[in-house]
Amino acid sequence: MARFGLLRSVFGRVTLSALLVSLASTLVLFLVVERIVETDGRVMLGREVDTDLAGLADIYVSSGEAELRARIADRLAMERGDSEKAYYLLADAAGRRVAGNIDHWPALASEVSEARLIRLPGGDRMFARATLLGPDTRLIVGRSNIRARALQTRLAIAFAIAGAIVALLSLAAGHFAARRLRRRVERINHVFDAVRAGDIGVRARATGASDELAELAANTNAMLDQVQRLMEAQRSVSDQTAHEIRTPLMHLDTRILKAMERTGDEGLLRTLGRSRDEIRSVVRLLDSLLDIAGTQALRGDRRGLADVDLSEIADNLADLYGASAEDLGIAFNAMVAPGISFRADPMQITRLLSNLLDNAFKYVPRGGSVLLSLAPGPLIIVQDNGRGIPADARELVFDRYVRLDPSPGSGHGLGLALARAIAERHGLTIHVEDAAPGARFVVQPEMADD
């Protein structure tokens, strides 16, 4: 059975999809939490800044600018324990610093008490609010967002670790689940492989689970049961039909023979003789049709096959046809490699070779030649130097009732059809080529699918 790569396997794609979904979910959750932390941190900074700003504004109103500068200096001298950094700027109407640790007035409108995050020249970021204390006095109070950024960094690390753990767990769970499902699907595929190989009696094993795959296995078994019943019914009908037709024909042939023994009329004897020939022809036609149908029904069925010595079969046929070739004035050559073994039905393989040889001898005139070749593979070639087969008929000659020679007594056109059915039953292919002159029939194993 074919093995698929990760992306070509449906189970691999399901596992990867589960992994991507878990990673995407973790990322989305991180972004949401980060947004919440950033928003809450900004609100907290805003409250702290507004409280400090209100206190300094009260000092300015109650004690004047000198006291305000003193209090700002005190605040800057204090070391905060939470790693946050305080920023102050007391400036005149032109934005020149009077007190504080900010060198230049940032883009904040003190007239409307604007508040927002701003970036300082050194690269630090702070949340600040500006206010107008008097006609010539403006004040900015700010706080850095170090705590928020540190928290965001810890969150990023935590979510990265959690995401990695979730990804590994998802991958492991998906892998084990996919492997279990793959084993169940492979068991069903093995059933089809076995059926294709000829074991029509094999069935999918129940797993105990009640799901779609269990239903598929049950339906597979039901289908194979139905196919087996149909095949057995077909064989039964074929056998019965053959018996019902052949028996009266043979009785009729016997009666004709007895009638021929009781008469001395030469004309009647000739007529009765032709009748017997036609009856035997019908019987041969019936036998050939049944052989073709039975062989096609067994295509891929390996039951009844055994390792046979093809070389021995070919040598025996070569001896048989060699004697006939001398009587017909045909040069017959056999090139048979020794020791070639193949799993086959010996009677059918003999029939295959004899049908090809009969066809070759039929269309080779006196003085012509026929070649039988057997090489490892197995590779079987039957070649003649007769009139050959037109290119447009090289595939049609394997169909039933196709005859290139329409003259009476040339057969029913079933020999090559039976040869193809036998070849296909054994996993072989057969085709005809131009031998220039003549025809070359080639039998070889089927090419394996990639």
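How many bridges join strand β7 to β9, and do the two run parallel or antiparallel? The legends below describe close-up views of a predicted model, starting with this pair.

**View 1. Strands β7, β9 and β10.** Strand β7 (residues 331-336) runs parallel to β9, and six bridges join the two. In this pairing F332 is the residue opposite V370 of β9. Strand β9 also pairs with β10, here in the antiparallel sense and again over six bridges. L372 faces V382 of β10 across that pairing. Three residues separate β9 from β10 in a hairpin, and G377 in its turn has a positive phi of about 150 degrees.

**View 2. The largest nonpolar core.** This core holds 41 residues, and those touching the most other members are F332, L352, L356, L357, V370, I430 and F441. At least two core residues come from each of α6 (310-328), β8 (341-344), α7 (346-362), β9 (369-375), β10 (379-384), α8 (415-425), β11 (428-434) and β12 (439-445). Leaving aside residues up to four places away in sequence, V370 touches I330, A331, F332, N333, L357, A360, F361, V364, Q383 and D384. A separate second core of 17 residues has V49, A86, L90 and V141 among its members.

**View 3. Helices α7 and α8.** The axes of these helices come within 9 Å of each other and cross at roughly 145 degrees. The crossing of α7 past α8 is left-handed. On the α7 side the contact is made by Q348, I349, R351, L352, N355, L356 and N359. On the α8 side it is made by G415, L416, L418, A419, I422 and R425.

View 4. A128 is the residue opposite G142 of β5.

**View 5. Two arginines of the sheet, R119 and R143.** R119 is part of strand β3, and R143 is part of strand β5. Which of the two is buried and which is exposed? R119 has a relative accessibility of 57% and therefore counts as exposed, the cut-off being over 50%. R143 has a relative accessibility of 4% and therefore counts as buried, the cut-off being under 20%. Not counting residues up to four places away in sequence, R119 touches D124 and R125. The C-alpha atoms of R119 and S144 are 9.8 Å apart, with the residues 25 apart in sequence. For R143 and R125, the C-alpha distance is 8.5 Å and the sequence separation is 18 residues. The side chain of R143 makes polar contacts with the side chains of E48, at 3.1 Å, and D52, at 2.6 Å.

Terms used:
Residues numbered from 1 in each chain as written. Predicted model: local features only at pLDDT ≥ 70, side-chain atom pairs only at ≥ 80, totals over all residues. Heavy atoms only, no water. Core = buried A, V, L, I, M, F, W, Y, C linked by side-chain atoms within 4.5 Å. Buried < 20%, exposed > 50% of the residue type's maximum accessible area, 1.4 Å probe, protein only. Helix = DSSP H or I, 4+ residues; strand = E, 2+ residues; numbered from the N terminus. Contact = heavy atoms within 4.5 Å. Pairing = 2+ DSSP bridges. Polar contact = N/O pair within 3.5 Å; in protein donor to acceptor, adjacent residues only side chain to side chain. Axes fitted to C-alpha atoms, helices over the stretch in contact; angles between N-to-C directions. Left-handed = near helix turned anticlockwise from the far one by under 90°.
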